[in-house]
Structure formats: structure tokens, C-alpha cells
Amino acid sequence: MDITVKTHDITKPVEGGGPPDGNPQGPSGLQPFLHDSCVTLYAPSFAISRADGQIGDLPGAGAGAGVLSGESPGADGFYHGDTRALSRLTVEAEGVVLAPVRGGLDGAERASFRAVLRGLGEHTPDPAVTLRRRRHVTPGQLAETLDVTNAGRQDVHVKLIVTATTDLAPMERVKSGDRPAAVPATATGDGLAWSQEAFTVRLGSTPAATTADPASGRLTYDIALAPGETWTAVLRCEAAHDEGDQFPAPPAGSLPWRTPRLRSADRRFDHWLDQSTADLDRLRLTDPADPADQFLAAGAPWFLTLFGRDSLWAARMLLPLGTDLAAGTLRTLARRQGGVTDPDTEEQPGKILHEVRRAAQRFDDTFALPPCYYGTVDATPLWITLLHDAWRWGLAPEQVEQLLPHAESALGWMSEYGDADGDGFLEYIDLTGRGLANQGWKDSGDSIRHRDGRLADSPIALCEVQAYAYEAARGGADLLRAFGRPGADRWEEWADRLRVNFRERFWVEDARGPYPAVALDRDKRPVDSVTSGFGHLLGTGLLDHEESALLAARISAPDLDSGHGLRTLSSDSVGFNPYGYHIGSIWPHDTAIAVHGLVRAGFPDAAAPLAAGLLTASAGFDARLPELFAGHGTATDAVPAPYPASCRPQAWAAASSVLVLQSVLGLSADVPGGTVTVAPAFAEAYRPLSVEGFDVAGGRLDITVGADGTARVDAPAGLEVKREQVKPR
């Protein structure tokens, strides 16, 4: 393959949440931090505020003092459809200090905040006048209810000032730390309005403000309260693109899964699952081509749209709750499956896309992505495997059959385009010079490196992608054979060759013994760093038992298992950074995949501490695990430190709670074969444990594991329950 582009540009920003590679100061500024923010979400809208409820800084305070002359308050704002509708919505009391006393989420889309108006109406040291701020996000709307209550013994007068401004910035400019100029407001009958490039925002107030000043964005209220009285105002901000939502929210009452109810001996587990399913509910979007088809947006704030890899993994993790989400995700991506060869978008026949945006994203002169971008090597095999697994969990045969032509095209892509040089491995290279240098899930530019720290040169063949391809070829063969279509033998033989080639080319050795390299580089040399990629190989069938045992031991060692989850890069490696996006941080979905893989491979004892680490981490993040967090580990930190620019919530981080629960129970399904298997693998720490509301083939599945380990399973009629005892190896 002729390599004519520079594939690792250390000034190119990563497509994920990390900072620009090798240079945290981007061309316009620093990527905003989010770790202490409050995010309320109802896709395709969300709000980001400080912990005290203020969206942006107060006018004249801190970094946001110059907002009207072009300053921007970080990532704070109300967003709709990848555009910031408000960059500031602050509340202050003239001449009175607002002292925050409590704030936080009341669900995925609601939050509330309380503050004391210090000194106002006080005749004892007790607070007398308080402000309660209640936030509710729905698609296209942010509602803020302000309650000022006088619990003192004297009349009070106060001037409340609401300041609302916006830059109407597209998401990539916010993410790049850019500082767009403020857009001037116009007055309306009940508030303010802004408009730019077919995007309109209106802020209304009930009751109307005493005065409204579009130049400053200020709404002023003169409030007089007798003892015991409460004054209330409701602010409603509505935002809309003229052409409508690219991916609309689903209608109420259309949840594509059954919500489980977990009660275990470890209440952290229960809380994690409850918060995760609430967040997943509000990450749902629909395909306008068929609004019945739903999928999960990847995460807020940076990725609230369709992502092939993320949406597929999240749907796969949620299969124990039903197959409707998987079906919607598969069909949504199938409608956009590659049909032509387009070097600019990296589209190829049969290929599954990476991400879809309303418009092109231009981060700088060297990094720009088209609205529909296909730069991913793993989404295509993951699509095939999701179809196979959904069939096993009970997706209706007629729905499976309708998607088989797309599966055949995806299989064809693996051999014809994914393996461009014919060596039997799937590899990638960015030939545009403007796209992602790395096109697996570890897509930052510095993620794939040799043991000595050198970056790998493209084309790159990732170890986990070979496992995905093996699983896809075997699963595709099963589907073709079951539905009487030709080609099953071909893909089984293709998978067998891949398995042999992987064993011959990927395995390397260090002082601790053999292990698979993270990748092969341009010259087909093993990229020999020790990474979390091991977890993605387990249970896929690519490895034999002895090889799996070697990886189980590696994963259990403290250089990878931090005590809070699995590090993406061994702490013994050159270049390890606990804050490195893919070179030392911890990703919950990555750890959950390893937990599930270890159980599938027969090593539950190695899976148990990883699952326990995620539970400890979940408690440190109030049960809303972020996209990733720092990889210092329990040797130094009792509670994990956040990765400051991480998405939270993130679909596959939230869905990890379900995959870990599935692993604890050793739960699997073979609906075409008429069975469901329950083999509690490492449930001792969580029992007694009961789960109500799993879903198999559209029927309810309830599982109870008693304190003595006895399991009771209530399964849908027509399914035989297999109870297996997993023996640690």
C-alpha cells in the first residue's frame, strides 16, 4: 500500500474527548473541563451548569467577565442539536450575596439548586430568604423555575437579575476551546430572542420581567415579599433548527427495553444500575427515516449523535433487556451502510459509518471531518456480531432475515476493503490527511505505541479488531446457515485462517511471558505494548484455553488492574499517563468488556475484582460513571480522579452496568435453540440478589440468587433454563 500521508500529527486534536495530541493548547484555546459540572439531559438537548446551578459565570466575574465582547464560559450552556442555544443563564440578587447550599441531579433530565440570600431579612443567625432553582430539560426546551421564599419575620425587597447570553456556537468550536463572539439579542413580548444561520432561540418569562435589556441580556425582577410568601417565575428557553432535528427524540412511552429492578447485598450495584438506565433512557434518539427505530447517542456533551461503534456496543450490552434497541440500531446504520468508494468520507461498499453530524466539523486546518464520516475499522464487524447476538436473544426471524443482505455486504467489506493488502488482517489508514489517525476505539493519535514509547506507523492492524472480525465471521456463518443462504463455509474458513494467522503474527514475549501485541504496524511488526486490548480478545473464540489463561493472569496484575478498573496501558509502560486519554486512563466499557470476556472464557475469579473496581468507581461518581477517568488506582487514590474533559453520561459507560450484571449471573441466551443459561459466576459478594425484568424473546425473565447460592429462574414459556456451575480455572 502506498503511504503518502502523515498519519500521526502531534498537533492534531483527537476525535474523542482528549486534548490535542502532544499539545494541550489548541489553536484557539483549551478544551473545556466538565468534571465538576451538572449535566441534565434529554437528547437531543442538554444543559451544562456549575454545581451551584449557574450556567456560565456571573457578569463581571472570573473568566466569563467579557462574554459580550467575545468571551465564552467554557462548555457551560443549554444545547440543542449540536449547537449552543444559551452560553449563560445566571441568577443574582442586586446587593445581596447568593450562597449555594445544595445542588444536584434529580434524575437524568432534572436538577435543583438552593441558595441563601445572605443577610436579607435575617433577625437571627438563621437564613431567612432562599432561592430554589429547578431545572427541567426536554427536547428543544430548557425550563427553569425560580422560587424566592421569605421564611423570616419581616417584609423584604430584592431585585433579582437573570442574565442570558449566547454565542450560538457549533459543538466543535466549544470543544476546541474556541471563543466565538456573542450574538446580540432582540426583545420579545415576554423575554429575549437570538437567531443565526437557521437556528433560533427564544427565552420567555412568566411573569414578564420588570425590565428587559437586550444589549446586556438582563431580565430584572422587582420582588416584594411579606413573611411566609414565595415569589415564583418560570423561564423557558426554546431552541430549534429551521429544518428540524437531525435525529429527533422518541415519543413518550416508547422505551425499547424492559427496565430491570435489581436488589442486591451491595446497594452500590443497585444505585449504579438505576442511574445508568435513567441516563440511557434520555440518550435515546430516532432515525427520521423510520421514527420507530431508536438508537443511543454516544454521550454528552461532545457526542450526542449517532456513532457506529458506540451505538453498537451499547445496544449489545443491553441485549438482556430486549432486542428492540438492537434492531433499531442495526436498521439505522444499515440505511447508511456504505455503497460507493469515496476517499473524502472514507465510505466503502458494505462499511458501517463512524459518526453523523449536521454539518462538517473543522477543528483546525489539519483536522476536519465530513458530516457523514466512515473512518472506523471496527463498526462493520461489530454490526454483524450485534445482529448475530440479537438473533440469539430472540430478535424475530423475519427482522433478522431483512438485515441479512446488509450482513453479507459487511462481511464482504471485511475481506475486500478491511483487509486491503490481503494479509488476512483488518487494518486502517487515514488517506485523507484530515481524518482520524487511529480508527479503532482508541482513536487518539498517541494511543497505539510500541513498548519503548514510539508511535506505530499506519496501516495498523489492531488486536481487538481481529477478535471482532473473527467473531463476526463465525456469527455471520451461523446466520447464513440458519437462514439457508450460501457462504457459511467460506466465512468459517476465513475465520479459521485469521485465528491461525493471529497466533503466528501477534504473539510476543517479555520477562513475564507471552502476550498478544496491541497491533501490527506498517511493516507488519508487532506493536508490543501491554494494553487493555487483552480483554476484548477473551471469550470471542480467537484464543484457545491456554492463551486465555495467560491473558487472565495479565489482566489481574496490578499494572493493568488499578483497583478501579482496567488501565488502557500498563503502568509499567513507557509513556504511561494516568490522565492519558488512551494511554493509562480507565474506561468503564473497556473494563466491562474484559469482565464479560473473562467469564465467557471460564475465568470468573479474574473477572470479580474488575467488577468490584467498577462498583467502587461508580460510588465515587454518584453512580453516573463517566466516559473515562484517571488511572492512578487504589494504591494512591481511594476514590478515582476524574478525567476533566470526559463525557458524562456516556452510553457505553452506562450500559456497562447491565453487562457486568449479566456477567455476575453468567447469563446467556440461545432462543433459536430454545434455551437460556444462568451460571452465577462470581455472585457471592452481591447475594442475596434478585433481578426482575430481564427480557428474552419478548418475555420477562426474573432471576433470584439466594444467600446460599441457590438460583431461582422464572423464564418465558417455551425456553428451557440451563443452570450451570462455573468452575474457576
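This note walks through a predicted model in numbered points, from the whole chain down to single residues.

1. **How to read the model.** Local features are given where pLDDT is at least 70, side-chain atom pairs count only at pLDDT 80 or more, and totals for chains, interfaces and linings use all residues. Residues are numbered from 1 along each chain as its sequence is written, and side-chain values use heavy atoms, with hydrogens and water left out.

2. **The whole chain.** Welcome to a protein chain with 13 helices and 34 strands; these are DSSP runs numbered from the N terminus, with helices being H or I of at least four residues and strands being E of at least two. The radius of gyration is 26 Å, close to the 27 Å that the globule rule gives for 729 residues, so the chain is as compact as a globular protein of that length. That radius is taken over C-alpha atoms, and the globule rule is 2.2 Å times the number of residues to the power 0.38. Along the principal axes, the C-alpha atoms fill a box of roughly 80 × 65 × 50 Å.

3. Of the 729 residues, 62% count as buried (buried means under 20% relative accessible area, exposed over 50%, and partly exposed in between, with a 1.4 Å probe and protein chains only). Contact means heavy atoms within 4.5 Å. Among contacts between residues at least 6 apart in sequence, 67% join residues at least 24 apart.

4. **Helix α4 against helix α6.** Helix α4 (residues 324–334) packs on helix α6 (residues 397–418) at an angle of about 30 degrees, and their axes are 11 Å apart. Axes here are lines fitted to C-alpha atoms, for helices over the stretch in contact, and angles run from 0 to 180 degrees between N-to-C directions. The pair α4 and α6 is therefore roughly parallel (angles under 35 degrees count as roughly parallel, over 145 as roughly antiparallel, 65 to 115 as roughly perpendicular and the rest as oblique). Their crossing is left-handed, a term used if the near helix is turned anticlockwise from the far one by less than a right angle, with right-handed used if clockwise. On the α4 side, Ala-327, Leu-330, Arg-331 and Ala-334 meet Gln-399, Leu-403 and His-406 of α6. By class, the residues of this contact are 4 nonpolar, 2 polar and 1 charged (Ala, Val, Leu, Ile, Met, Phe, Trp, Tyr, Cys and Pro count as nonpolar, Asp, Glu, Lys and Arg as charged, and the others, Gly among them, as polar).

5. **Helix α6 against helix α8.** Helix α6 also packs with helix α8 (residues 488–505), at an angle of about 40 degrees and with axes 12 Å apart. That makes α6 oblique to α8. This crossing, too, is left-handed. Leu-411, Gly-412, Met-414 and Ser-415 of α6 make the contact with Arg-490, Trp-491 and Trp-494 of α8. The contact of α6 with α8 holds 4 nonpolar, 2 polar and 1 charged residues.

6. **Two buried helix residues.** Leu-325 lies in helix α4 and counts as buried at 2% relative accessibility. Setting aside neighbours within four places in sequence, Leu-325 touches Pro-256, Trp-257, Gln-294, Phe-295, Leu-296, Ala-315 and Leu-318. One of these, Leu-296, is 29 residues away in sequence and 8.2 Å away in space, C-alpha to C-alpha. Thr-380 sits in helix α5 (residues 379–392) and is buried, with a relative accessible area of 0%. With neighbours within four places again left aside, Thr-380 is in contact with Gly-350, Lys-351, Ile-352, Ala-410 and Trp-413.

7. **A strand residue.** Asp-290 is in strand β19 (residues 290–296), and at 30% relative accessibility Asp-290 counts as partly exposed.

8. **Backbone points to check by eye.** Most residues other than glycine have a negative phi, and most peptide bonds are trans. A cis peptide bond joins Ser-458 and Pro-459, with omega about 0 degrees; Pro-459 lies in the loop between α6 and β24 (461–462). Another cis bond joins Arg-687 and Pro-688, with omega about 5 degrees, and Pro-688 is in the loop between β30 (675–678) and β31 (689–696).

9. **Positive phi in a loop.** Asp-622 has a positive phi of about 55 degrees although it is not a glycine, and Ala-623 has one of about 75 degrees. Asp-622 is found in the loop between α12 (604–620) and α13 (651–665), and Ala-623 lies in the loop between α12 and α13. Asp-622 is exposed at 58% relative accessibility, whereas Ala-623 is buried at 4%.
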